[in-house]
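Please look through the sequence and the structure shown here before reading the report that follows.

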Amino acid sequence: MNPVSGSDPAGDGVWPAHSAVGRLTRAGQWLRQADRRRPWVLDVAVIAVMFLMFCLPDLVPHEDDPGPERLLQTFTQLPAAATVALQAGLLLPLLLRRRAPTVALALVAAAFVVQWSLGVFLRADIALLVALYSVVLHGRLRRLPWACAAVVTLVFPVAVRVSRTFSVVSLWEALFFLLSAVTAAVALGLTVRIRRAQLAGLRDRATRLEVERDQRSKLAAATERARVAREMHDIIGHNLSVIITLADGGAYAADGSPERSKQALRLVGDAGRQALGELRRMVGVLRDRTDAPDLNPQPGIADLEQLCTRFRTAGPDVVYRSAGELDTLDHGVQLMAYRIVQEALTNTLKHAGPRTRIDVSVAAADAELRVRVHDTGRPDGSGRLEPPAEEGHGLAGMRERAALYGGTVDAGPAPSGGWAVQAVLDITPLPGGTA
């Protein structure tokens with residue numbers, strides 16, 4: 001087992017499960033949050049740390065110190081006030097390093113030029129690299145080549161002066177060291193900038209994905225509401241139309257033909273029970289209960305004969321014909337065909353009345369399922385002759401159902417009289433082998 005991956009609690013095999021890593025991560029997060037709340041605090045803290053590390057040593061005399069400190073005394077020694085003024089000229093511009101990094105670099109470079117023109121060596125010269133890092137991180141990248149060229153131009157005379165002052169250091173060694181420091185500042189700035197850009201891109205992508213998820217959820221909810229509305233319209237509207245027609249016929253025949261009235265009442269009960277069963281099925285699906293009771297399957301083409309029989313009892317003469325291999329069709333296509341015929345029969349009963357003839361044909365051929373419902377209209381010739389100015393929910397629902405299978409629905413007056421509804425559904429088999 002890899003000791004690194006085996007001890008990684010996250011399971012990514014990159015960082016060992018060490019408490020110091022967690023503490024550093026939390027400290028970094030806290031520091032970033034504090035910096036977002038009060039950015040000036042971090043800027044002041046950076047200058048304070050640089051003053052303690054690089055300015056105080058230049059203000060403390062080193063007359064008794066051996067080694068490099070004595071060699072540094074070969075440069076010009078200024079009074080403490082002048083030294084502090086030069087140090088302030090190098091450090092204070094860093095307060096602008098995030099808002100105006102190019103200006104900060106220019107001010108630091110000016111102080112740097114003044115310092116070295118006086119022949120003074122200061123550890124605070126590290127501010128030049130910090131300013132260059134800030135330009136890379138916060139400035140415009142098109143200004144980066146000019147900033148790098150300016151810094152290299154400034155450090156070249158310094159390398160010459162150092163190589164002449166210290167005989168043990170050659171010009172190329174001093175130049176290599178200074179250019180390496182400049183390169184490190186630029187590389188560090190680019191690394192942090194690229195990392196921040198990547199994190200910003202990931203946050204933006206996460207935000208967009210969240211918005212898209214919400215939009216998909218809303219779209220799915222709207223689609224589901226439309227589907228439920230169509231199903232409820234089919235269940236309630238169609239069965240109620242049949243029940244109302246049967247009830248009217250039963251009331252009309254109550255005095256003259258009590259047997260016909262009883263038959264109508266029985267049919268009303270059957271239609272009501274069927275509607276109740278379909279409503280229970282619909283509600284059971286909406287509840288999405290795992291312990292829901294077994295419900296009858298959705299109707300298909302095989303149930304069209306029973307549907308036509310129920311409508312015959314309401315008065316119309318319904319003739320049903322079918323052709324082709326209908327039982328092998330996809331259940332969704334069969335449900336579409338059943339609902340379209342149901343809607344057309346209900347509209348016929350509503351507009352043409354019970355004394356009409358209805359021809360229903362369902363045929364499957366040439367990868368198409370054709371459904372046609374034609375009525376002869378009212379016996380007196382009255383009724384609908386022109387399409388309505390605005391489509392009702394029933395016709396719109398039929399067209400939406402057909403569109404799901406790449407089909408079309410046409411409804412209007414038939415050339416031979418009456419009204420005709422014709423639907424064409426695509427039943428081309430899918431690549432998986434199912435229709």
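In this report a residue is called buried when its relative accessible area is under 20%, exposed when it is over 50%, and partly exposed in between, with a 1.4 Å probe and protein chains only. By that rule Ala367 counts as partly exposed, because its relative accessible area is 34%. The model is predicted, so local features need pLDDT of at least 70 and side-chain atom pairs count only at pLDDT 80 or more, while totals for chains, interfaces and linings use all residues. Residues are numbered from 1 along each chain as its sequence is written, and side-chain values use heavy atoms, with hydrogens and water left out.

**The loop between two strands**

Ala367 is placed in the loop between S2 and S3, where helices (H or I, at least four residues) and strands (E, at least two) are DSSP runs numbered from the N terminus. Although Ala367 is not a glycine, it has a positive phi of about 60 degrees. Asp366 lies in the loop between S2 and strand S3 (368-375), and it too is a non-glycine residue with a positive phi, of about 55 degrees. Asp366 is classed as exposed because its relative accessible area is 76%.

**Salt bridges**

Side chains of opposite charge can pair when their charged atoms come close. A salt bridge is counted here when a side-chain nitrogen of Lys or Arg is within 4 Å of a carboxyl oxygen of Asp or Glu, and a search of the whole structure finds eight of them. Three of these pairs are set out in the table.

| Salt bridge | N to O distance |
|---|---|
| Asp204 and Arg208 | 3.0 Å |
| Arg213 and Asp214 | 3.6 Å |
| Arg357 and Asp317 | 3.5 Å |

The pair of Arg357 and Asp317 links distant parts of the chain, since Arg357 belongs to strand S2 (residues 357-365) and Asp317 to strand S1 (residues 317-323), 40 residues apart. Arg357 counts as partly exposed because its relative accessibility is 33%, and Asp317 is also partly exposed, with a relative accessible area of 40%. Through salt bridges that share partners, Asp317, Arg321, Arg357 and Asp359 are joined into one network.

Asp204 and Arg208, by contrast, both lie in helix H9, four residues apart, which is about one turn of the helix. Asp204 is partly exposed at 42% relative accessibility, and Arg208 is partly exposed with a relative accessible area of 42%. In the remaining pair of the table, Arg213 is partly exposed with a relative accessible area of 45%, and Asp214 counts as partly exposed at 34% relative accessibility.

**The largest pocket**

Rolling a probe the size of a water molecule over the atoms shows where empty space is left. On a 1 Å grid over the protein atoms alone, a pocket is an open set of points where a 1.4 Å probe fits, with protein on both sides within 12 Å along at least five of seven lines, and lining residues have an atom within 4 Å of a point. The largest pocket has a volume of about 1100 Å³, a volume being the space filled by probe spheres set on the points, which are joined across faces, edges and corners. This pocket is lined by 25 residues, and the closest to its centre are Arg32, Tyr133, Leu137, Val192 and Arg196.

Helix H2 (19-37), H3, helix H7 (126-138) and helix H9 (171-253) each supply at least two residues of this lining, and the largest share, nine residues, comes from H9. By type, the lining divides into 14 nonpolar, three polar and eight charged residues, where Ala, Val, Leu, Ile, Met, Phe, Trp, Tyr, Cys and Pro count as nonpolar, Asp, Glu, Lys and Arg as charged, and the others, Gly among them, as polar.

Val41 is found in helix H3 (residues 39-59) and is partly exposed, with a relative accessible area of 38%. Together with Trp40, Val44, Leu92 and Leu95, Val41 forms a nonpolar patch on the surface, with about 460 Å² of accessible area in total. Patches are made of residues with over 30% relative accessible area and no salt bridge, like charges being joined within 9 Å and nonpolar side chains (Val, Leu, Ile, Met, Phe, Trp, Tyr) within 5 Å; accessible areas come from the Shrake-Rupley method with a 1.4 Å probe, and for residues only the protein chains shown count as cover.

Asp43 also has its place in helix H3, but Asp43 is buried, with a relative accessible area of 8%. The C-alpha atoms of Asp43 and Arg97 are separated by 8.4 Å, although the two residues are 54 residues apart along the chain.
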